[in-house]
Amino acid sequence: MQAWTVHDFGNYQEKLILEERALPQMTGPDALIKVKAIGINFFDLLAIAGKYQVKAPLPFVPGAEAAGEVIEVGDNCGFKVGDGVMTNSSGAYAELMIAAQNTTYRLPESMPYEDAAAFQINYQTSYFALVYRADLKKAEYLLVHGGAGGVGTAAIQIGKAMGARVIATAGTPEKLEICRQCGAEFLINYNSADFVEAVNECTDGHGADVIFDPVGGEVFDRSTKCIAWEGRILVIGFTSGRIPEIRTNKVLLKNISVTGLWWGNYRLHNPQLMHKTQQHLYQMYGEGAVKPIIHSVHELKDLPEALKLIENRNSYGKVVVRVV
Ligand SMILES: NC(=O)c1ccc[n+]([C@@H]2O[C@H](COP(=O)([O-])OP(=O)(O)OC[C@H]3O[C@@H](n4cnc5c(N)ncnc54)[C@H](OP(=O)(O)O)[C@@H]3O)[C@@H](O)[C@H]2O)c1
């Protein structure tokens, strides 16, 4: 099978190589799938560079998210040959991959493979963050930084569906338009306005009750200036490249919470909650409350172009690679 492979950590432009590899071998109750669509994630860049929180043993096939058709099943895996599934498993940048049983879900009939490849990580992450970690309530103000990104678009849609009043930040008018289409009520271009002032203004001085932050760095630092009393800041990621720090007196004085989320680790700690969440997300998808925003679809041979779009911040929503 053809697979993009990393033999040494580094920049994907040099280190990611399309090569012929042996078929992956199943060892447990998993499924072998023919990949139909791959979801490209920002953290794939970090994994290829060897900068992600978990380093894969070399050589490895990157990619964490895909949708495809089951072609072989392990004992008691719960799937059957021919099932359409989405999976969050390693080795997705390939024609075939092993779909780990505990993070693989059968697709609803109405869901195309490209939507499915864009659905699991962003929507599960945003749902876990807003529902279980921040306890977002109806009519609360939700500020979503990086609102046009993968997790950002999902957070806006889910926040809106939960009845929150959503404020989104992004760096261009085109990206803000995506945020609007996702359901954001207030749009802030942080390149032309101070987001702290803008949030305080649009909330009449109340501030944001929940702040969803996949950016970190200065964005996190300054978010403490527009958070409401008893607000919750969700630490989602660090696309800015800097892991911020906070003085605990700030946490105390405004009665705020700084709440971390590493969604992928629920696979170890509470996989049942992931399954329950997936069923609710499917229901929301069926009702039209959430719908992945797909920026572009690329061929497998052009996968580095997809990574380049993300690296250069030229994408919004999800970038997908189709495998034929
Ligand atoms: N905690 C978890 O469990 C979890 C799960 C999934 C993803 N994540 C993390 O969430 C973050 C976002 O992932 P994603 O897939 O949504 O990424 P994405 O689609 O590339 O979106 C990231 C957004 O961040 C903004 N941004 C601000 N500063 C940036 C910079 N210096 N470089 C790149 N983007 C910058 C960009 O918006 P503007 O151009 O408008 O500023 C962009 O739209 C990543 O750090 C990822 O690792 C965490």
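In the predicted model, the buried residues of α5 are Val-151, Gly-152, Thr-153, Ala-154, Ala-155, Ile-156, Gln-157, Ile-158 and Gly-159, where buried denotes under 20% relative accessible area (1.4 Å probe, protein chains only). With 9 of its 12 residues buried, α5 is mostly covered. Helices are DSSP runs (H or I, at least four residues) numbered from the N terminus. The end C-alpha atoms of α5 are 17 Å apart, which agrees with the 16 Å that its 12 residues should span at 1.5 Å a residue; the expected span is 1.5 Å times one less than the number of residues. Residues are numbered from 1 along each chain as its sequence is written. Local features of this predicted model need pLDDT of at least 70, side-chain atom pairs count only at pLDDT 80 or more, and totals for chains, interfaces and linings use all residues; side-chain values use heavy atoms, without hydrogens and water.

The ligand is surrounded by 24 residues, the closest being Gly-150, Gly-171, Lys-175, Tyr-190 and Leu-261; a residue is near a molecule if one of its heavy atoms lies within 4 Å of it. At least two residues of this shell come from each of α2 (42-49), α4 (120-133) and α5 (150-161). Because domain 1 (2-119 + 292-322) and domain 2 (122-264) both contribute to the shell, the ligand lies between them.

A polar backbone atom of Leu-261 is 2.7 Å from a nitrogen atom of the ligand. Oxygen atoms of the ligand lie 2.8 Å from a backbone N or O atom of Trp-263 and 2.9 Å from a polar side-chain atom of Arg-313.

Terms used: Polar contact = N/O pair within 3.5 Å; in protein donor to acceptor, adjacent residues only side chain to side chain. Domains from an automatic or database assignment. Buried < 20%, exposed > 50% of the residue type's maximum accessible area, 1.4 Å probe, protein only.
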